Amino acid sequence: MMPISKKGTLPFSVREKGKRPLFLRVLRIGLITVAGFILLAAAGAWLALRASLPRIDGEVSLAGLDAPVAIERDATGVPVIRGATREDVARATGYAHAQDRWFQMDLLRRTAAGELAELLGPALLDTDRRIRLHQFRKRAVLSLAALDPVGRGLLDAYSAGVNAAIADSQLRPFEYLLLQAKPLPWRAEDTLLVVYAMWIDLQGTEARSEQQNGLLAATLPESLYRLLIEGDPEWEAPLDSSRLPQPRLPDATEVDLRKLDPALFSQKTAMIAAPEPQGMVGSNNSAVAGSHTASGRALVANDMHLGLRVPNIWYRARLVVESGQVDISGVMLPGVPAIVAGSNGHVAWGFTNSYGD
């Protein structure tokens, strides 16, 4: 039997029916509040990302055009840019590039100019210092000044289109929101810096082959040095059937390895030690005449041997200049108003890096 208190109640309290303990109610309210903040933050992030996307429908006003330009995109986002003049198409191309690839363009110009640390932080100062030895921005300015009026006009029109797209965007690209930075205007010289950035990617900046050749020249007899560095007449033959001279094989009176310093052949000697094995780099292409194809059309194949990146190095597009009857499809470098590899319907071309001097 349970004892009864004097007041006729049980000796322990009983909560009202349907009421939770206070701490559970506080916890519930706290969880709902936190969930609300998370939902608001997610909605804000979604809206920010949404606002930074390019506007691909409707009409915009682009100063400097001689006539209206159309930018039409297919289901995969590849644009067809139609305009009355080459400058109009270049201006609209700059607009489209900036809409789709602005951050990539910014990184490319900063890579060549040695200005990455300004945007991405001090961790890249050493990288910038190595690049600035080449003074690419100074070279870009000098090259720009040497362009003919037509070329300069195209780059100026392209730059104006790029800057118009940045000015028209509802919100700066999300990368700049994360970095708490603002995009800097595009200048005509920046297009040349993008080309230099590809030179860095393809050639490197340390001139290892030049260093090796210099060491060989300083170490070996002249005739042996020439035998090693001269081109191969069979494998390096141009299309006009001409041939390079065959390097002369030096005789024993010119080359006597026994007379060379044995230290030169030591693996500990930096001058002659073989480098670490690494994969072959380069690019290649080939062409097949129409007489050897099922369609009767010639084929050109081009493997540029470039790395896979996000976004991709190339920007697919079709450029149509109505007044000049120009219709070119292919791939472009974001930052440059020209087709690097593609076809005009009559001629197709590729691009191969030769690691030339």
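1. Let me start with a tryptophan: Trp 186 is buried, with a relative accessible area of 3%. Here buried means under 20% relative accessible area, exposed means over 50%, and partly exposed is in between, using a 1.4 Å probe and protein chains only. Trp 102 is buried as well, at 2%.

2. A word on the model before going further. This is a predicted model, in which local features need pLDDT of at least 70 and side-chain atom pairs count only at pLDDT 80 or more, while totals for chains, interfaces and linings use all residues. Residues are numbered from 1 along each chain as its sequence is written, and side-chain values use heavy atoms, with hydrogens and water left out.

3. Back to the rings. The whole structure holds four aromatic pairs, where the rings of Phe, Tyr and Trp (its six-membered ring) pair if their centres lie within 6.5 Å; planes under 30 degrees apart count as stacked, over 60 as edge-to-face and the rest as tilted. One of these pairs is Trp 102 with Trp 186, edge-to-face at 6.0 Å centre to centre and 65 degrees between the planes. Trp 102 sits in helix H2 and Trp 186 in the loop between H7 and helix H8 (188–203), so this pair ties together parts that are 84 residues apart in sequence. For the element names, helices (H or I, at least four residues) and strands (E, at least two) are DSSP runs, numbered from the N terminus.

4. Now for Phe 136, which is buried at 6% relative accessible area, and Trp 199, which is partly exposed at 36%. The ring centres of Phe 136 and Trp 199 are 5.7 Å apart and their planes meet at 70 degrees, so the pair is edge-to-face. Since Phe 136 belongs to helix H5 (residues 136–145) and Trp 199 to helix H8, this pair ties together parts 63 residues apart in sequence.

5. H2 gives the most, with eleven residues. By type, the lining divides into 27 nonpolar, nine polar and ten charged residues; Ala, Val, Leu, Ile, Met, Phe, Trp, Tyr, Cys and Pro count as nonpolar, Asp, Glu, Lys and Arg as charged, and the others, Gly among them, as polar.

6. The largest cavity has about 60 Å³ of space. Its lining includes Met 198, Leu 202, Trp 314 and Phe 351, and divides into six nonpolar, three polar and no charged residues. Grid points are joined across faces, edges and corners, and a volume is the space filled by probe spheres set on the points.

7. Some backbone details deserve a look. Most residues other than glycine have a negative phi, and most peptide bonds are trans. Val 310 and Pro 311 are joined by a cis peptide bond, with omega about 0 degrees, and Pro 311 is in the loop between S4 and S5. Gln 180 has a positive phi, near 55 degrees; it is in the loop between H7 and H8 and is exposed, at 72% relative accessibility. Ser 241 also has a positive phi, about 70 degrees, lies in the loop between helix H10 (222–229) and S3, and is exposed at 60%.

8. Finally, is Thr 293 buried or exposed? At 16% relative accessibility, Thr 293 counts as buried, and its place is in the loop between strand S3 (284–288) and strand S4 (299–303). Its side chain reaches the backbone oxygen of Gly 290 at 3.2 Å. Leaving out residues up to four places away in sequence, Thr 293 touches Val 288 and Leu 299, contact meaning heavy atoms within 4.5 Å.

Definitions and conventions: Polar contact = N/O pair within 3.5 Å; in protein donor to acceptor, adjacent residues only side chain to side chain. 1 Å grid on protein atoms, 1.4 Å probe; cavity = no way out; pocket = protein on both sides within 12 Å on 5 of 7 lines; lining within 4 Å.
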